[in-house]
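Dear colleague,

Please find below the structure that I am handing over to you. My findings follow it.

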Amino acid sequence: MKIYSIEPTYKKSICEVELWRKSSDILPTDSDTYRFNWNGPILRRESWWRWGEWTIDIPETPEEIQEFLEDKGCATLEDYLEYHGAETIEEVLLPDQDEDEHVLPAEAECKYCWDGQGDEFTIEQTRDLNLSREDCERLKKEALRVYADEEMFEEGLIQLGWDHYSTVYEIYCTLKVTLQESEDEKYKREVSEF
């Protein structure tokens, strides 16, 4: 398994986005990728961070690749790469370092984020939902009240009937993407330094 680390190149450029939904609104037919076709409002919580780091594991061996493909629901590596219009798994999973805006893939594991810069809540409209501005503002203020003012955080949102649906990380700067040294490589390097 190859492991890459991902870091922003500029401070205060990380936005952690949590999507929350009312459990009564979640339908088995809801898409995982196209949320505006969902039923009911979406509570979006954004937290901005000064710095952070993620890792992405890239399968190498035939066994690792097969397990990866099974998790993705793909029969072959060729099907997976063709679907994504790519030639390698790295090309699919690793962000383009030179781009200024990124949404990290679900495969990116957050190692840490630190020095948070506050939380912001918004309500997103979805399929055939026509909430008034006042209703959106009321839902937002209610979430902010239990989350921040009463310091109940996620537990407060759950008590209001919201369920955590997903978390994504958006990064607004170029990235530093580095292949990490494997344990074998590290051992060989350390032995050779003696």
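How many bridges join strand β2 to β3, and in which sense do the two run? Please note that this is a predicted model. In it, strand β2 (residues 14-22) and β3 run antiparallel and are joined by 8 bridges. Within this pairing, W20 has L43 of β3 as its bridge partner.

Strand β3 also pairs with other strands. With strand β1 (residues 2-8), β3 forms an antiparallel pairing over 5 bridges; here I3 is the residue whose bridge partner in β3 is D57. With strand β5 (residues 109-124), the pairing of β3 is likewise antiparallel and extends over 12 bridges. One of the residues concerned is E46, whose bridge partner in β5 is E120.

Is strand β3 largely enclosed or exposed? Of the 17 residues of β3 (residues 42-58), 13 are buried, and the strand is therefore largely enclosed by the rest of the structure. Buried here denotes a relative accessible area under 20%.

A second matter concerns the surface. D96, D98, E99, D100 and E101 together form a negative surface patch. Among them, E101 lies in the loop that runs between α3 (89-93) and β4 (102-103). The relative accessible area of E101 is 60%, and because exposed means over 50%, E101 counts as exposed.

Yours sincerely,
A colleague

Technical notes: Residues are numbered from 1 along each chain as its sequence is written. This is a predicted model: local features need pLDDT of at least 70, side-chain atom pairs count only at pLDDT 80 or more; totals for chains, interfaces and linings use all residues. Side-chain values use heavy atoms; hydrogens and water are left out. Patches are made of residues with over 30% relative accessible area and no salt bridge: like charges are joined within 9 Å, nonpolar side chains (Val, Leu, Ile, Met, Phe, Trp, Tyr) within 5 Å. Accessible areas come from the Shrake-Rupley method with a 1.4 Å probe; for residues, only the protein chains shown count as cover. A salt bridge is a side-chain nitrogen of Lys or Arg within 4 Å of a carboxyl oxygen of Asp or Glu. Lys and Arg count as positive and Asp and Glu as negative; His and the chain ends are not counted. The place of a charge is taken as NZ of Lys, CZ of Arg, CG of Asp or CD of Glu. Helices (H or I, at least four residues) and strands (E, at least two) are DSSP runs, numbered from the N terminus. Buried means under 20% relative accessible area, exposed over 50%, partly exposed in between (1.4 Å probe, protein chains only). Two strands pair if DSSP finds at least two bridges between them.
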